[in-house]
Amino acid sequence: MNLRNRLSSIVFSVYIFLAFYVFGGGMTNSLVAYRTWRRVGPKEFPAFHQIDSALILPFFVIFFFLLLIPLLLLLWFRPPIIPQWMVWVALLFYLITLLSTVLIQIPIQVELDKQFSLVLIDRLISTDLIYRRIPMAFLAGINFVMLHKVLRQPRVWPSGDQDLN
C-alpha cells in the first residue's frame, strides 16, 4: 500500500468515526434533550442551560467542528472507489448544518442562557429539524453509501477459500 492510499484510509476512517459520532450525538440532543427543556422551570432554566451548554461543548460541539478537517481532506485523500462528487455532496450537507449552527442555533442558545422562553425553545427545535437534522440525515446517508462502496471491494473481504484467522 503506497503512502497516498495509507493516508486515504486513515482520513476516511477518522471521517467516518467522527461523522457517525456527530450524527448520533446530534440526533440524541435534538430529539431528546431539547424537548425536555420545556419542562424546566423558568427560574431554574438559565442555570440549567448554562450547565448543559458547558457539557455539550467538549462532548459534541468540538467534534462537530473537527469533522470538517477530514471531510476537506477527503477531497484529496479518499479511497479510490469513492468519487469526488460524493465528498462534495457530503460537504454541502455539512456546510448547511454549519451555517445553521452559527447563524440560527447559536444566537438562540445565547438568548436561552439569559432567560427561559418557550418561543425560543420551539424555534430552536423547528430550525434544528429543518436546517440541521434533515441535512445531517442526508449526510449520514451519503456517508453510509461511501462506507458501503469501500467495504464491498473484493480485496477488503477474503475469498471463500481463505482462512479468516
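**Entry 1: Arg 132**

I started at Arg 132, which touches Tyr 34, Phe 60, Thr 97, Ser 100, Thr 101, Gln 105 and Thr 127 once residues up to four places away in sequence are left out. Contact here means heavy atoms within 4.5 Å. Arg 132 sits in helix H5. For helices I take DSSP runs of H or I with at least four residues, for strands runs of E with at least two, numbered from the N terminus. Is Arg 132 buried or exposed? Arg 132 counts as buried because its relative accessibility is 9%. My cut-offs: buried is under 20% relative accessible area, exposed is over 50%, and partly exposed is in between, with a 1.4 Å probe and protein chains only.

Before going on, I note that this is a predicted model, so local features need pLDDT of at least 70 and side-chain atom pairs count only at pLDDT 80 or more, while totals for chains, interfaces and linings use all residues. Residues are numbered from 1 along each chain as its sequence is written, and side-chain values use heavy atoms, with hydrogens and water left out.

I then looked up Thr 101, one of the contacts of Arg 132. Thr 101 is in helix H4. It counts as buried because its relative accessibility is 9%. Ignoring neighbours within four places in sequence, Thr 101 is in contact with Phe 64, Ile 106, Pro 107 and Arg 132.

**Entry 2: salt bridges**

How many salt bridges does a search of the whole structure find? It finds four, with the criterion being a side-chain nitrogen of Lys or Arg within 4 Å of a carboxyl oxygen of Asp or Glu.

- Asp 122 and Arg 38 pair up through their side chains at 2.7 Å, N to O. Asp 122 is in helix H5 and Arg 38 in the loop between H1 and H2, so this pair ties together parts that are 84 residues apart in sequence. Asp 122 is partly exposed at 37% relative accessibility, and Arg 38 is partly exposed at 37%.
- Lys 114 bridges to Glu 111, with the closest N and O atoms 3.3 Å apart. The two are three residues apart in helix H4, so about one helical turn separates them. Lys 114 is exposed at 56% relative accessible area, and Glu 111 is partly exposed at 31%.
- Asp 128 bridges to Arg 133, with the closest N and O atoms 3.2 Å apart. Asp 128 and Arg 133 are both buried.

**Entry 3: nonpolar cores**

Next I went through the cores, taking a nonpolar core as a set of buried Ala, Val, Leu, Ile, Met, Phe, Trp, Tyr and Cys residues joined through side-chain atoms within 4.5 Å. Which residues have the most contacts inside the largest one? They are Tyr 15, Leu 139 and Met 146, in a core of 26 residues. Two or more residues come from each of helix H1 (3-36), helix H2 (45-66), helix H4 (84-114) and helix H5 (118-151). Apart from this core lies another, of eleven residues, including Trp 37, Phe 45, Leu 112 and Leu 120.

I checked Met 146 by itself: it touches Phe 12, Tyr 15, Ile 82, Met 86, Val 87 and Ala 90, not counting residues up to four places away in sequence.

**Entry 4: Leu 71**

Leu 71 is in helix H3, residues 68-73. Leu 71 counts as buried because its relative accessible area is 1%. Leaving out residues up to four places away in sequence, Leu 71 touches Tyr 15, Val 87, Ala 90, Leu 91 and Tyr 94.

**Entry 5: whole chain**

I finished by zooming out. The protein chain has five helices and zero strands. Its radius of gyration, taken over C-alpha atoms, is 19 Å, whereas a compact globule of 165 residues would be near 15 Å; the globule rule is 2.2 Å times the number of residues to the power 0.38. The C-alpha atoms fill a box of roughly 65 × 30 × 25 Å along the principal axes. Buried residues make up 38% of the 165. Of the contacts between residues at least 6 apart in sequence, 79% join residues at least 24 apart.
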